[in-house]
Amino acid sequence: MGLEDERMMLTGSGDPKEVSRGGRADSDPLTTVREQCEQLEKCVKARERLELCDERVSSRSHTEEDCTEELFDFLHARDHCVAHKLFNSLK
């Protein structure tokens with residue numbers, strides 16, 4: 001499970017800039033806060049480790065390695081940040 005799999009789970013497609021049914025960009029506060037948190041140093045480093053793992057696994061035809069640990073590390077770092085910021089933006 002890699003980065004593209006995460007995008008599929010979150011958006012329903014591989015396109016992170018998918019337009020909502022109303023014809024405008026998604027303005028969900030969760031999505032906004034997640035994008036902000038992904039720019040923090042801890043999340044950037046976790047994403048880099050995930051992308052390196054994804055490249056390494058994708059380059060091999062026969063491997064038992066997957067990037068589950070790296071994905072969980074990235075999601076944990078991002079969601080830890082989100083948990084502290086999200087409820088401030090809700091009404």
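## Overall make-up

Welcome to this protein, which has 4 helices and 0 strands. Helices here are DSSP runs of H or I with at least four residues, strands are runs of E with at least two, and both are numbered from the N terminus. Read from the N terminus on, the order of elements is α-α-α-α.

A word on the source: this is a predicted model, in which local features need pLDDT of at least 70 and side-chain atom pairs count only at pLDDT 80 or more, while totals for chains, interfaces and linings use all residues. Residues are numbered from 1 along each chain as its sequence is written, and side-chain values use heavy atoms, with hydrogens and water left out.

## Surface and interior

Of the 91 residues in the protein, 26% are buried. Buried means a relative accessible area under 20%, exposed means over 50%, and partly exposed lies in between, with a 1.4 Å probe and protein chains only. The protein exposes about 6,800 Å², and carbon and sulfur atoms supply 51% of that area; the areas come from the Shrake-Rupley method with a 1.4 Å probe, and for residues only the protein chains shown count as cover.

Among contacts with a separation of 6 or more, 62% join residues 24 or more positions apart.

## Where α2 meets α4

Two packed helices are described by the angle between their axes and the distance between the axes. Axes are lines fitted to C-alpha atoms, for helices over the stretch in contact, and angles run from 0 to 180 degrees between N-to-C directions. For helix α2 (residues 29-37) and helix α4 (residues 68-89), the axes come within 9 Å and cross at roughly 135°. The two are therefore oblique to each other: angles under 35 degrees count as roughly parallel, over 145 as roughly antiparallel, 65 to 115 as roughly perpendicular and the rest as oblique.

From α2, the contact uses Pro29, Leu30, Val33, Arg34 and Cys37, and from α4 it uses Arg78, Asp79, Cys81, Val82, Lys85, Leu86 and Ser89. By class, that gives 7 nonpolar, 1 polar and 4 charged residues. Here Ala, Val, Leu, Ile, Met, Phe, Trp, Tyr, Cys and Pro count as nonpolar, Asp, Glu, Lys and Arg as charged, and the others, Gly among them, as polar.

## Where α3 meets α4

Helix α3 (residues 41-58) and α4 have axes that come within 9 Å and cross at roughly 160°. These helices are therefore roughly antiparallel to each other.

On the α3 side, the contact is made by Lys42, Cys43, Ala46, Arg47, Arg49, Leu50, Cys53 and Arg56; on the α4 side, by Glu70, Leu71, Asp73, Phe74, Ala77 and Arg78. These residues divide into 7 nonpolar, no polar and 7 charged.

Start with cysteine 37, in helix α2. Cysteine 37 is buried, with a relative accessible area of 0%. Leaving aside neighbours within four places in sequence, cysteine 37 is in contact with Cys43, Arg78, Cys81, Val82 and Lys85. Cysteine 37 and aspartate 79 are 42 residues apart in sequence, and their C-alpha atoms are 8.2 Å apart in space.

Phenylalanine 74 lies in helix α4 and counts as buried at 0% relative accessibility. Glutamate 51, found in helix α3, counts as partly exposed at 32% relative accessibility. The C-alpha atoms of glutamate 51 and leucine 71 are separated by 9.2 Å, and the two are 20 residues apart along the chain.

Definitions and conventions:
Contact means heavy atoms within 4.5 Å.
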